[in-house]
Protein chains: 4
Amino acid sequence: MPHPGNPVTRSLTRVLADVRAQDHPGRVADYIPELSRADPEAFAISAASVSGHTYAAGDSTTLFTIQSISKAFVYALVLSEHGADAVTARVGVEPSGEAFNAVSFDDRGRPHNPLVNAGAIVTTSLVPGASAEERFARIRRGLSAFAGRDLDCDETVAASESATGDRNRALAMLARSSGALTEPVDDVVEAYFRQCALRVDTTDIAVMGATLAGDGINPRTGERVVPPAVARDTLSVMASCGMYDRSGQWLFEVGMPAKSGVGGGIVAVAPGEYGIGVFSPPLDAVGNSARGVATLRTLSQEFGLHLFRHPERPASPVQAIDVEPGGTVVIRLRGMLDFVAAEQVAHLTAYGPETTADATTRVVLDVSAVTASTRVAARLLADVAAELRLQGRDIVLVDPDGVIDIA
Amino acid sequence: MPHPGNPVTRSLTRVLADVRAQDHPGRVADYIPELSRADPEAFAISAASVSGHTYAAGDSTTLFTIQSISKAFVYALVLSEHGADAVTARVGVEPSGEAFNAVSFDDRGRPHNPLVNAGAIVTTSLVPGASAEERFARIRRGLSAFAGRDLDCDETVAASESATGDRNRALAMLARSSGALTEPVDDVVEAYFRQCALRVDTTDIAVMGATLAGDGINPRTGERVVPPAVARDTLSVMASCGMYDRSGQWLFEVGMPAKSGVGGGIVAVAPGEYGIGVFSPPLDAVGNSARGVATLRTLSQEFGLHLFRHPERPASPVQAIDVEPGGTVVIRLRGMLDFVAAEQVAHLTAYGPETTADATTRVVLDVSAVTASTRVAARLLADVAAELRLQGRDIVLVDPDGVIDIA
Amino acid sequence: MPHPGNPVTRSLTRVLADVRAQDHPGRVADYIPELSRADPEAFAISAASVSGHTYAAGDSTTLFTIQSISKAFVYALVLSEHGADAVTARVGVEPSGEAFNAVSFDDRGRPHNPLVNAGAIVTTSLVPGASAEERFARIRRGLSAFAGRDLDCDETVAASESATGDRNRALAMLARSSGALTEPVDDVVEAYFRQCALRVDTTDIAVMGATLAGDGINPRTGERVVPPAVARDTLSVMASCGMYDRSGQWLFEVGMPAKSGVGGGIVAVAPGEYGIGVFSPPLDAVGNSARGVATLRTLSQEFGLHLFRHPERPASPVQAIDVEPGGTVVIRLRGMLDFVAAEQVAHLTAYGPETTADATTRVVLDVSAVTASTRVAARLLADVAAELRLQGRDIVLVDPDGVIDIA
Amino acid sequence: MPHPGNPVTRSLTRVLADVRAQDHPGRVADYIPELSRADPEAFAISAASVSGHTYAAGDSTTLFTIQSISKAFVYALVLSEHGADAVTARVGVEPSGEAFNAVSFDDRGRPHNPLVNAGAIVTTSLVPGASAEERFARIRRGLSAFAGRDLDCDETVAASESATGDRNRALAMLARSSGALTEPVDDVVEAYFRQCALRVDTTDIAVMGATLAGDGINPRTGERVVPPAVARDTLSVMASCGMYDRSGQWLFEVGMPAKSGVGGGIVAVAPGEYGIGVFSPPLDAVGNSARGVATLRTLSQEFGLHLFRHPERPASPVQAIDVEPGGTVVIRLRGMLDFVAAEQVAHLTAYGPETTADATTRVVLDVSAVTASTRVAARLLADVAAELRLQGRDIVLVDPDGVIDIA
């Protein structure tokens with residue numbers, strides 16, 4: 001439980017109060033009676049960092065159905081299962097410029113992306129399972145792993161969705177006729193209706209988002225739920241298609257990959273940093289939680305969470321350069337060495353500072369403080385070493401943990 | 001000039017060779033004779049880091065016309081001039097799902113975004129200027145500031161574009177009829193044709209991209225060309241709309257805000273890190289440089305430049321926690337303090353480690369090594385200090401440079 | 001059997017030979033194996049006049065499946081059953097500008113018209129029947145009444161259509177979700193697949209067309225199959241929507257309400273005159289029989305069957321005007337008196353000739369030779385009589401059969 | 001002047017009163033001030049028969065600008081000038097399913113049809129003329145010939161249209177860029193604005209319609225304004241595209257080729273019979289005169305003017321068959337002999353009645369009462385004669401006026 005007096009919690013509480021004081025007209029979804037009974041005044045936010053800190057304010061233990069938010073996470077499960085090539089053969093990754101329940105398919109017969117209904121249904125069909133029950137069981141387990149706790153289904157909502165779900169059945173049937181769907185329509189849509197009826201609170205979806213923010217590792221449980229590449233791909237699709245035909249506006253104003261649900265929830269992700277969940281049932285004209293959108297816009301602006309915000313320059317990977325007596329130059333590196341970091345080292349050794357390019361004949365590259373290195377960074381450093389040797393300098397690698405592999 | 005034997009340069013050279021060896025069919029644009037005369041074998045790449053390092057391989061000094069790449073940078077100039085609200089009142093920020101020269105406008109009568117022709121023309125109309133000449137002069141100065149050198153216009157290309165430019169005139173006229181354009185059509189489109197005919201090489205567009213990557217500061221000249229918020233907004237639109245109706249696919253595969261031009265150039269941006277320019281005249285079916293796309297896809301994968309790649313955890317802002325004899329806890333912070341960093345400090349002081357939450361009565365917050373702080377981080381730290389005082393602890397701020405302002 | 005040496009038959013035979021000698025490339029439908037086995041060289045034409053004359057040339061006894069041609073006639077049956085208001089509440093009458101299997105519905109949730117698949121399926125759903133079997137039985141009886149002989153279903157084709165019919169099921173499901181369809185999807189589409197698999201030859205469809213041409217009376221059997229208003233409404237929809245997204249071109253060039261089927265048949269109607277059936281399996285790019293289209297174009301031009309051709313002025317309804325000794329004017333009318341005819345009489349009596357407007361005091365209106373009168377014509381003649389009386393003339397109606405009712 | 005007490009006039013007066021008593025909400029066009037000043041209560045109807053009778057009721061001498069009604073008649077002029085092939089190479093004949101000012105072109109780069117603005121502008125561009133003035137002068141003469149009196153232009157309206165005409169300029173420019181328009185944009189649109197500002201009353205447009213109804217001959221002046229084929233083609237396009245995206249509904253309900261104008265006028269045509277003009281400025285939601293539409297719907301229903309109404313069977317062309325002593329059969333034909341009539345003769349001589357098929361050896365074909373014959377009818381009769389001769393019968397043609405040419 002977050003400490004009530006925690007200053008982050010107080011900030012979130014203040015944002016809720018600010019947004020509540022503004023005018024954000026909306027209407028609770030009423031296409032099924034269960035949704036229409038939601039309390040329009042319920043309002044909550046949770047944030048979960050990739051380090052495992054969680055904060056919450058408002059009605060953060062109120063449960064609601066996950067609805068379309070599930071689409072992003074089932075997509076991640078399916079990418080893990082089959083790989084991006086197999087999945088994109090069936091579902092595109094392009095914003096459609098159309099509403100969530102649009103019937104259009106792309107010129108390859110694929111739904112435009114996994115976040116419109118047609119694409120979500122095809123995505124659900126790719127979850128292995130011999131029946132709707134098996135398929136759903138697997139989805140429930142997968143989404144529970146994202147949330148870090150056992151989620152359950154609101155069967156009344158699922159039944160009501162099924163009773164009014166002809167349009168989704170039609171989309172499934174269209175997908176079958178175009179070849180994007182190969183499973184029996186009823187099996188798939190029944191699993192889909194139950195997937196959408198999973199019950200979550202804002203902290204659940206914040207943790208789900210944080211799992212994507214943290215490359216697929218659930219910060220609450222420490223479990224790797226999906227591989228890093230899947231987290232990356234899922235965030236990409238959320239960034240371009242997550243808010244339907246307002247996705248461009250959302251990326252411009254809020255700048256976080258996100259996905260909303262008709263139950264009033266929205267998950268947003270600050271990659272590498274946070275998952276954020278908001279909840280307020282009244283929806284705006286395009287079907288996103290009106291107060292939820294306003295809350296995330298405020299958070300993004302006030303807390304600098306926009307993807308393209310003034311970015312902090314990462315600390316230089318070069319911790320220190322010491323010129324020792326006798327002309328030996330010692331370069332100490334630290335932290336994670338990726339291409340960006342390795343390029344800085346390469347540049348440094350090639351062009352300066354004066355001391356390094358100079359008469360020095362011996363270079364010591366000390367990577368004791370390096371925690372990890374990407375393949376490309378290691379290769380680049382190997383090139384640097386080779387280059388220095390060509391220039392007639394003596395190069396020594398200090399790498400007690402063997403984190404990098406320079407031949 | 002980059003050192004030929006530089007290992008980064010060698011990497012780029014190898015990527016060019018790899019892509020050249022693959023089959024990427026394309027056709028040089030031939031709607032005007034000037035473009036059709038481009039050498040189909042010309043192929044180049046340049047990269048410019050926000051620290052001012054530049055690398056290049058291939059025909060990186062070959063000049064070509066900037067064409068639609070200019071749209072992103074003129075948009076940035078116009079955002080600087082009028083602010084985002086005034087500009088988005090005239091041009092949307094939503095991908096249109098349509099071709100670059102589509103005639104559709106949104107339901108508010110705006111072109112969908114500044115990177116389709118209609119939107120680019122409206123954007124150019126927002127550049128102050130009493131005539132096509134004045135408008136163009138201002139654009140040329142602005143784009144030269146982005147490139148860090150004086151760009152000039154290929155007047156033959158501009159004249160030829162003008163001679164065949166009826167569709168663009170029609171788009172301008174449509175924008176006038178919808179109210180998005182208020183300037184005389186001919187003044188605007190003539191400036192637009194000349195803007196598109198500015199001559200650049202790959203290093204120019206790499207530096208232009210690096211200027212956006214670096215929050216608006218040109219890494220070559222050190223000049224602030226646009227404010228950070230404008231760089232952020234421009235990158236947002238490039239991310240969602242930059243590659244026309246393949247923007248979602250591009251974000252998925254390459255994950256860098258980008259913009260292509262019919263002359264064969266593409267600029268891509270790794271925010272906070274690099275601008276990259278590629279050039280190869282033959283275009284694929286949707287009008288992007290075929291080899292250029294392949295090159296950037298390879299670079300992104302090999303060098304880990306995808307926006308949502310496995311992100312490096314930033315170094316902790318907490319440099320050290322020392323428990324001094326007598327129970328005084330000294331927390332030393334460093335680097336840039338933003339919300340993410342401040343939240344870590346807040347969490348630390350609230351929940352642990354043992355030593356801090358303990359019987360200590362005195363906390364020293366040493367920010368001597370902090371280089372800057374955002375407003376929200378400062379506020380959060382102030383809250384932390386207030387909280388600690390409420391808990392009866394003595395708190396001391398060590399801030400010799402006054403970088404943060406805790407009341 | 002038409003007399004082989006009949007000159008009309010010889011004309012039709014010549015048209016077939018002319019068209020066969022021309023190049024009209026096409027492809028036999030192959031989405032189900034049964035259709036792909038059609039003989040591409042089969043070629044036939046039949047014409048049936050509203051007087052009951054039939055002519056035929058080519059393979060006019062070869063049976064083929066009626067396919068989409070059935071849509072027009074089932075629409076007529078449904079209009080008869082429920083009236084135009086009830087039917088147009090569910091299916092529009094507007095050309096959609098789209099392909100036959102388009103998924104779009106109008107802004108009232110209706111399929112655009114009954115001749116695209118979605119609209120045809122909704123139309124079939126309006127045929128009364130507690131099951132697919134009952135519904136189909138009724139359709140079969142109705143279409144047999146149009147053809148004047150008992151049609152049967154090619155059950156192999158129907159089964160194959162059903163096996164590949166997911167898109168039609170999807171259209172049905174979409175129609176359910178928009179409220180246009182209220183019956184169970186499977187019941188409706190199975191009836192629809194069998195309706196499309198009814199076997200006909202060109203003479204059958206010519207007679208079906210002649211039944212519409214003759215206001216709903218089958219010229220072969222003399223049976224009234226549908227009321228005149230239904231024939232009119234059906235022809236209207238065939239005129240505007242019958243040839244899908246080439247309907248305007250068709251009305252321009254051929255000028256006959258028509259409907260094609262993927263089996264290679266086309267029915268065309270010269271209202272008041274003929275039904276024409278053609279058959280040739282290879283289809284053009286938009287799915288109409290390539291030779292069939294060419295044949296009808298030729299027929300329309302050569303035989304003057306265009307709806308807006310130089311029209312014959314109908315014979316004057318005024319058979320004779322006799323001025324008898326003593327100034328009595330006798331006006332003898334004949335044939336069918338509609339508004340157009342009555343207006344001529346009204347004009348005549350009001351303005352001339354000299355003799356009638358003159359000093360005559362007595363007018364005899366002799367309608368012995370009038371075969372029928374519309375309500376509006378009768379009213380207009382009553383007005384004429386009243387007018388003449390107001391002018392102080394004596395008016396006598398000679399109407400032994402009481403065909404008109406002048407108070 | 002029509003006689004006020006004429007019963008047809010009284011019928012029209014009653015229809016106006018009936019429609020006025022109903023609720024047909026509408027709004028006077030106000031995109032230019034001149035149109036907004038129209039009297040919303042002005043209401044008129046005129047009918048002109050192809051025989052030259054005219055009737056009128058209401059404010060039938062009130063002048064209004066012809067606006068889009070002009071499109072149909074300028075199209076007719078252009079078809080006369082260049083022929084249908086040359087014209088349809090530039091402008092299609094397909095309903096677009098879109099609004100009058102839509103920007104879409106077909107896949108051949110043509111505006112969809114001549115009755116949407118883009119197509120009308122291209123049509124106007126095909127009127128010969130070295131300048132806007134020359135072009136307009138020719139249009140004014142042509143439309144005056146249709147109306148049978150000298151029409152003049154409301155220059156204030158034309159100037160106002162020009163001042164607000166950017167969308168039309170944009171459409172023209174788009175047409176230039178697609179190759180459909182080759183003339184200078186300004187020349188064309190200025191002529192177009194003046195064409196739309198020609199002043200007419202309802203009787204003028206009724207006579208214009210009657211000229212199309214009567215195959216191109218103005219019933220007021222007797223002048224042939226356009227050839228029969230042009231009248232046919234123009235009516236075809238009016239039937240499929242005349243009422244924009246309600247054309248299907250209009251053909252279904254009203255069944256007359258028609259064209260409306262934003263000034264409140266509508267022209268409708270009963271081919272072979274009448275032209276009808278109505279006028280009432282308030283427009284419905286799709287831009288057609290609200291009361292005008294209601295008036296024409298009423299007229300069509302009450303007066304049986306629907307294109308596919310229960311059609312009168314034309315009087316048999318066979319006036320009499322006399323079997324003379326000695327077995328000679330005399331067949332007397334009358335009126336206009338077209339294919340339909342000739343087919344009846346052919347059928348009669350081939351199959352009966354008994355008397356003709358019998359032992360008769362001599363047939364006299366008396367065409368003294370035939371007024372004209374089409375080529376195909378003449379050929380068919382020649383075939384009949386040849387057939388009879390083959391059967392060994394003696395055939396005699398009585399044709400004092402040489403109306404048919406039987407070799």
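This is a predicted model: local features need pLDDT of at least 70, side-chain atom pairs count only at pLDDT 80 or more; totals for chains, interfaces and linings use all residues.
Student: Are C:Tyr192 and C:Phe193 buried or exposed?
Tutor: Residues are numbered from 1 along each chain as its sequence is written, chains are lettered from A, and ligands are numbered from 1, in the order in which they are written. A residue is called buried under 20% relative accessible area, exposed over 50% and partly exposed in between, with a 1.4 Å probe and protein chains only. By that rule, both C:Tyr192 and C:Phe193 are buried.

Student: What kind of aromatic pair do the rings of A:Phe73 and A:Phe146 form?
Tutor: Rings of Phe, Tyr and Trp (its six-membered ring) pair if their centres lie within 6.5 Å, and planes under 30 degrees apart count as stacked, over 60 as edge-to-face and the rest as tilted. A search of the whole structure gives twelve aromatic pairs over all chains. For A:Phe73 and A:Phe146 the ring centres are 4.9 Å apart and the planes stand at 65°, so the pair is edge-to-face.

Student: How many residues apart are A:Phe73 and A:Phe146, the pair that links distant parts of the chain?
Tutor: Helices (H or I, at least four residues) and strands (E, at least two) are taken as DSSP runs, numbered from the N terminus. The edge-to-face pair joins A:Phe73 in helix α3 (residues 69-82) of chain A to A:Phe146 in helix α6 (residues 132-147) of chain A, and their separation is 73 residues.

Student: Which class of pair do the rings of C:Tyr192 and C:Phe193 belong to?
Tutor: The centres of these two rings, C:Tyr192 and C:Phe193, are 6.2 Å apart. Their planes are at 50°, so the pair is tilted.

Student: Which residue in chain B has its ring face under B:Arg291?
Tutor: A charge sits over a ring if NZ of Lys or CZ of Arg is within 6 Å of the ring centre and within 35 degrees of the ring normal. In chain A, A:Arg291 lies over the face of A:Phe43, at 5.4 Å from the ring centre. In chain B, at 5.4 Å from the ring centre, B:Arg291 lies over the face of B:Phe43.

Student: How much area do chain B and chain D bury between them?
Tutor: The size of an interface is often given as the accessible area lost when the parts come together. Buried area here is the accessible area (1.4 Å probe) that two parts lose on being put together, summed over both. With 74% of it on carbon and sulfur atoms, chain B and chain D bury about 930 Å².

Student: Which residue of chain B forms a salt bridge with D:Asp166?
Tutor: A salt bridge is a side-chain nitrogen of Lys or Arg within 4 Å of a carboxyl oxygen of Asp or Glu, and across the interface of chain B and chain D the rule finds two. In one of them the closest N and O atoms are 2.9 Å apart, and the partner of D:Asp166 is B:Arg176.

Student: How many salt bridges are counted between chain B and chain A?
Tutor: Here 69 residues of chain B are in contact with 69 residues of chain A. The buried area is about 6,100 Å², of which carbon and sulfur atoms give 60%. The count of salt bridges between chain B and chain A is zero.

Definitions and conventions: Side-chain values use heavy atoms; hydrogens and water are left out. Contact means heavy atoms within 4.5 Å.
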